[in-house]
Amino acid sequence: MTLARLAALHGVATEYAPSEGVTVAVPDATVVAVLRALDVDASTPEAVAAAVEAAERAGRERLLPPTVVHWQDGAPRPPLDLPPGTRLTVTTEDGRTVAGSAGSAGSAGSAGSAGSARSAGNGKGLDWGGLPLGVHRLSAHAPDGRRSTATLIVAPAHAPGPEGRSHGLLVQLYSLLSGRSWGMGDLGDLRELADWAGRTHGTGFVQVNPLHAAVPGAPTDPSPYRPSSRRFPDPVHLRIEDVPEFAHVDQARREELDRVLADAAELRERVLGKGALIDRDAVWEAKRRALELVHTVELGPGRRAAYRDFLAERGRALEDHATYQALAERHGHHWRRWPEELRDPRTAEAAVRADAELAARVDFHCRLAWLTDGQLAAVSHTARQAGMAVGIVHDLAVGVHPDGSDAWAQQHVFAAGMSVGAPPDAFNARGQDWGLPPWRPDALAAEGYAPYRGLLRELLRHAGALRIDHVMGLFRLWWVPEGGEPTEGTYVRYDSEAMLAVLTLEAHRAGAAVIGEDLGTVEPGVRESLARRGVLGTSVLWFERDWAGTGRPLPPEEWRAGCVATATTHDLPSTAARLSGSHVTLRHRLGLLTGDLERERTQDAAETAEWLGLLQRLGMLPEGPGEEAAEVRAFHRFLAATPARLVGMWLPDAVGDRRPQNLPGTWDQYPNWRLPVAGPDGQPLTLEELAASPRAHDLLRVLAEGVGARTAPPGARSV
């Protein structure tokens, strides 16, 4: 009995293929460490043999897997292997009971009528086709006396899709400051952007970065992709003046509130007028002070009733998050260093109940979650009222910080001592370690994917669509053992059918589309599986080439329809930077180039010239080459000519910003996630200035004409 057999039984890879025709063996030490994180002992040959025997015996004896998926796509039944005469009973979400037999060996019963399926003793097969969408309970009783229960997920055939084609904006919200921002973009700015873009230019969506709660304390990690919690938003995004209780702060506290407002104005001026970077910590400190004052205002009867409803709906998940926030204020965010009784959420409950000050802080953080949820709802409503077909596209990060709220509250579903990353490839010979603990696939299945379901439900509350970062993680993730190099990791497989079923079910319930970020190395068959379930992909212009043939840029008609088509992303150079070649100079200055500077410049210029030549041949650059704004419009004219369902414009492209928001491979060398939107000269631009920019209007007009956007609503503003 080999280690490879044991690894396969638990979905752990013992080899991987970084490129076609190349296979790399995973070190045995890595496999042993990953199995240990799954509570499987593989430390000795004897332990391996015992673990294999235990896993195979459990498989033989178990009637049902922990989670069963049934798609409403015409499939007669799930592929269950049950003994003849096994009785099946489904208890639906609403408490209804549906029963029937499993049929012959190797099947789960033939389809029968709803009436016959409810007759427990007549031998009719369970009516799978008559089951409602939802998360139900499936019970099996075999003739030999064995019994088993499982979570049954009945999912729609595919996620909802956007109606028709739409064009929209992609923006990192913190970077979009207005004349009312407190040093970084907020939900008030997002509401204004959606209102203006929808009414003036017929845009169908605005996609934002993850708005997840950051790890508390200063200095915090500015990356929105390494949050404390993915389940709850960060109140740093609140527009303080839009909180109803703000206007009712009493006179005794008004002087202090005025001082906070003056500090907020100074934060804004530093970024917009003095060239300072966005300081998230300073912004949060100012907003926290203001919110402490606002919190002293008693809620009115209606608002209090709404708050209580919110608490009841969010339940233990919110209570855990708020408790973590309160404890982190007192003990710091490294929860593994907290007093023993506080390291577990359930034992921490008693400490909170016994400490009035701590309980008050928990209520404060619950209130902040409620206020933020309310402003997210207002943004979504404004986008729809502005005529947006999709609305706000929210973003789901691939994981969470190991010292954050989710990792504390859901310790049992995270793999201890492991981190998510990426294997070595042609672009990064050392691989990547993202410092994010992975979910355990076995724990997710045992809980009927409840943590994943709850996460999606929260994110989809106010989303017209959901973007999933590194969507390949629904199939497998690269696990790196703690203390090891990324090269010493391996892939661990997830039940992609269950992950996709939960995703399509929750998207269906929310009426939201799903977008997968499927850039980079993608396992064969993954894009096809995603497309079959209605998950849109992501296609970036510079990567769309005939890689299997000529290597030349793909003409627009050969692009896939099921995608968001863009010219760039937050991790890539802006279009203006590509055209000027400034991104090569920047990478050289920071020591990130692997080759000679002049050779890199020559290769980059040749690639750009190839694309510009194609645009000219297609008649998409009528002004001719040489004028940057015209060339940027030509690239977006090309995107609009593809069949892509959604066409996204990176907001900095509208004003010629040449600086990337994030430069992978850097930490302190570059101000990642801290730059405001700026013009070609690097001077920050406000939302008001952007909305008045002729260059921005010209580019959005090109997209509207190319995609075929609806006309603006009657009475819409011209600017």
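Let me start at alanine 262, which sits in helix 6, residues 251-273. Helices here are DSSP runs of H or I with at least four residues, strands are E runs of at least two, and both are numbered from the N terminus. This is a predicted model, where local features need pLDDT of at least 70 and side-chain atom pairs count only at pLDDT 80 or more, while totals for chains, interfaces and linings use all residues. Residues are numbered from 1 along each chain as its sequence is written, and side-chain values use heavy atoms, with hydrogens and water left out.

Alanine 262 has a relative accessible area of 46%, so it is partly exposed. Buried means under 20%, exposed over 50%, and partly exposed lies in between, with a 1.4 Å probe and protein chains only. Its C-alpha atom is 9.8 Å from that of tryptophan 182, 80 residues apart along the chain.

Now the cysteines. Cysteine 366 is buried because its relative accessible area is 7%, and cysteine 563 is buried because its value is 0%. There are zero disulfides in the structure, a disulfide being a pair of cysteine sulfur atoms within 2.5 Å.

Four strands make an open, antiparallel sheet in the order 14-13-16-17. Strand 14 (432-436) and strand 17 (490-493) are the edges, each pairing on one side only. Pairing requires at least two DSSP bridges between two strands. Strand 16, residues 476-481, pairs with strand 17 over four bridges, in the antiparallel sense. Arginine 476 has arginine 493 in strand 17 as its bridge partner.
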